[in-house]
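Please read this briefing alongside the sequence and the 3D view. The points that follow are grouped by topic.

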Amino acid sequence: MTLVGAATPILLAALGELVVEKSGVLNLGLEGMMLIGAVTAFGVTFTTGSASLGLVAAMAAGAAASMIFAFLTLTLTANQVATGLALTIFGIGLSSLIGQNFVGRTVSGLEHIFPAALADDPIGRVVFGYSPLVYLSLVMTAFVAWFLTRSRAGLILRAIGESDEAAHSIGYSVIRVRYLAVAFGGAMAGLGGAYYSLVMTPMWADRLTAGRGWIALALVVFASWRPLRLLGGAYLFGAVMTLELHAKAAGINIVPPEFLAMLPYLATIVVLTLISIAPSGRRNAAPACLGKPFRATG
Amino acid sequence: MRLRLEPRREASRAMLYGTPVLAVALTVLAGILIFSLMGYDGLAAIYQIFVAPIADPYRWQDLFVKAAPLITIALGLAIGFRANVWNIGAEGQYIVGALAGTGVALATWDMEGYWILPAMVAAGILGGLLWAAIPAFLKTRFNVNEILTSLMLTYVAVQLLYYLMRGPWRDPEGYGFPQTRLFSEWQTLPTVVQGTLVHLGVPVAFFLAIAVWIVLSRTVTGFQVRIVGLAPQAARYGGFSARGTVWLTLLTSGAFAGLAGIFEAAGPFQQMTPQFSVNYGFTAIIVAFLGRLHPLGIVLAGMVLAVSYVGGENAQTALGLPYAATGMFQAMMLFFLLAVDILVRYRLRVVVPADLSRPAEARHPHIRQADEGSRTSSTPLDKQRESLSA
């Protein structure tokens, strides 16, 4: 597992969640949606032999799972924390149920877009040697940054996240925008999950994502809801997550591997604390309506 | 013709007690459908999961043994959830509690005495409590979200468990297996019903439910927890400290999870193994909600979830269903509960619109409802709490 490999799936999932949270919705179901995406990508690729079809299916499955959440929280105004948790527990169970026939099977995985010759020398490898999803995650970062700050739709979405009542009173459909945002978040989480089953280990194993969905959630807070900072954060976390392997490769075995495996989670706690101590400008960056249910009047 | 939700003047008591039952019924129906679609015998699967464990008196002991940790953990979580403190890292507190108690067991393995087991239990409670103290400290001191910190600490606890099992705590006579030595007779929980697996943790869970019920409904502390969750500003005006409530609820839920952990280690497991983490901490969240955050409801919900666990084992042996499918069922129960909960606050009405020439609306009744209803500042849960405390 490389640094880029560790960073890309959490970046993809976190980008989706960032848009969701900007619209004022807190979906804690990332881990579940990623697992559903991962198992769908594997299953479709295994059955059809086409990894690209697997990717599309993973996005559709992630979005479909997110619609359970959207219906419960947006239409039926159920508690967002409880619903998100239920989605994660559901995703763990469902992926395990679907995946039982795939345990130990392998797929050929996602092909690289650039010809192998380009990635022959060390410099070429750094530029051209990655999975298409790595480039896609970079493009999506730029897109989300542009969308939220420069596009009209992004402005409406942010307005809804900051003040749903005000946005509603000037005629924007709060619920519809939030449905779309949650669907986008689900598709991105599905894509992030697909990275695990198609790129990182082209083999199915139970609970493949191992809690990275939660780290993606923390990453959004860490980035103070800003896409470009999200990119930096994801690569920082990628570095911490690969420390275990780097230490092993370097022959460092003073620290037991279990303690190195704790690091990403401990780092998340430390980083969340540091963010909270930071000057109030950053601390208050959370969308004002985050996690609050909305039922419009009139 | 379309369906419409009309706000009720006050929460429906009938629905308050009826919706958990409805949620379980809907889960059963959905289960039959899902398993049939997957090519299994849906009815047989559901019979194995939801009926067989109750129909077979021999398995009742298993139900109580499974329900005890779920009830114990859920009781602690419910206190926090009532105050809007979201401890979702009970699994970590459960593991650390068990590890702390195991530490005492390993230190006293060649000793005898009636004091050993109480010392292990005390260490277990303390372990869970201290693990929960970390998110409590970060929340009260730096306002760090307790959801993420308590959850991250679960993953840390799992790695700690692996480290201790593979490293310093490994049984020297265990043929290299990563687990501790078996606990001695002084270190294991006594069974309370002769000839069964029902251990001391079972009556303790029921006793705790009654104790928590009395504390929540009859004491100032219980009132404080409710008021901080329902109306934080009123609570501040009334002199109740939100910070104190965070400490109180997190430490209590940590202590309960730790207690459940050492009971499991000294009861069913009788040693520590890397397989100790069985997601009871997460399932207990479902138990807390299905039980309406009410101690007696939690006892019932704990039994229902225990049925699904024991039934999951049945379905695994009888039909070859993966055990993880149980988790999917448990989550579906929570989904359905959250969905039908709207009936507590809203009445479902069939409306025949005057203008039938606009079928587009009829195709999206839910989206329309959402725009037409009235804005409420509180969540469905708050409403339930209100009516529960009334």
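In chain B, 78% of the contacts with a separation of 6 or more are made by residues 24 or more positions apart, a contact being heavy atoms within 4.5 Å. This is a predicted model, in which local features need pLDDT of at least 70 and side-chain atom pairs count only at pLDDT 80 or more, while totals for chains, interfaces and linings use all residues. Residues are numbered from 1 along each chain as its sequence is written, chains are lettered from A and ligands numbered from 1 in the order in which they are written, and side-chain values use heavy atoms, with hydrogens and water left out.

**Chain B as a whole**
- The secondary structure of chain B consists of 17 helices and two strands, where helices (H or I, at least four residues) and strands (E, at least two) are DSSP runs numbered from the N terminus.
- Chain B has 390 residues, and 56% of them count as buried; buried means under 20% relative accessible area, exposed over 50%, and partly exposed in between, with a 1.4 Å probe and protein chains only.
- About 16,500 Å² of accessible surface belongs to chain B, and carbon and sulfur atoms account for 64% of that area, as computed by the Shrake-Rupley method with a 1.4 Å probe, where for residues only the protein chains shown count as cover.

**A nonpolar patch on chain B**
- B:I210, B:W213, B:I214 and B:L296 make a nonpolar surface patch of about 340 Å²; patches are made of residues with over 30% relative accessible area and no salt bridge, with like charges joined within 9 Å and nonpolar side chains (Val, Leu, Ile, Met, Phe, Trp, Tyr) within 5 Å.
- Helix α7 of chain B (residues 201-218) gives the most to this patch, with three residues.
- B:I214 lies in that helix α7, and its relative accessible area of 45% makes it partly exposed.

**Helix α13 of chain B**
- B:M328 is placed in helix α13 (residues 325-340) of chain B, and it is buried, with a relative accessible area of 0%.
- Apart from neighbours within four places in sequence, B:M328 is in contact with A:F90, A:G93, A:L94, A:L97 and B:I34.
- B:Q330 also lies in helix α13 of chain B, where it counts as buried at 3% relative accessibility.
- Residues up to four places away in sequence not counted, B:Q330 touches B:T283, B:I286, B:L305, B:S308 and B:Y309.

**A buried charge in chain A**
- A:E31, in helix α2 (residues 30-48) of chain A, is buried yet has no salt bridge, and the nearest side chain of opposite charge, A:R207, is 5.4 Å away.
- A salt bridge is a side-chain nitrogen of Lys or Arg within 4 Å of a carboxyl oxygen of Asp or Glu; for charge, Lys and Arg count as positive and Asp and Glu as negative, while His and the chain ends are not counted.
- The side chain of A:E31 does reach the backbone nitrogen of A:R212 at 3.4 Å.
- Beyond its neighbours within four places in sequence, the contacts of A:E31 include A:T88, A:W214 and B:Y155.

**Positive phi angles**
- Most residues other than glycine have a negative phi.
- A:R207, which is not a glycine, has a positive phi of about 50 degrees; it lies in the loop between α9 (174-200) and α10 (212-222) of chain A and is partly exposed at 33% relative accessibility.
- B:R292, likewise a residue other than glycine, has a positive phi near 65 degrees; its place is the loop between α11 (280-290) and α12 (295-319) of chain B, and it is buried, with a relative accessible area of 6%.

Note on methods
A polar contact is a pair of N or O atoms within 3.5 Å; within protein, one must be able to donate a hydrogen and the other to accept it, and residues adjacent in sequence count only if both atoms are side-chain atoms.
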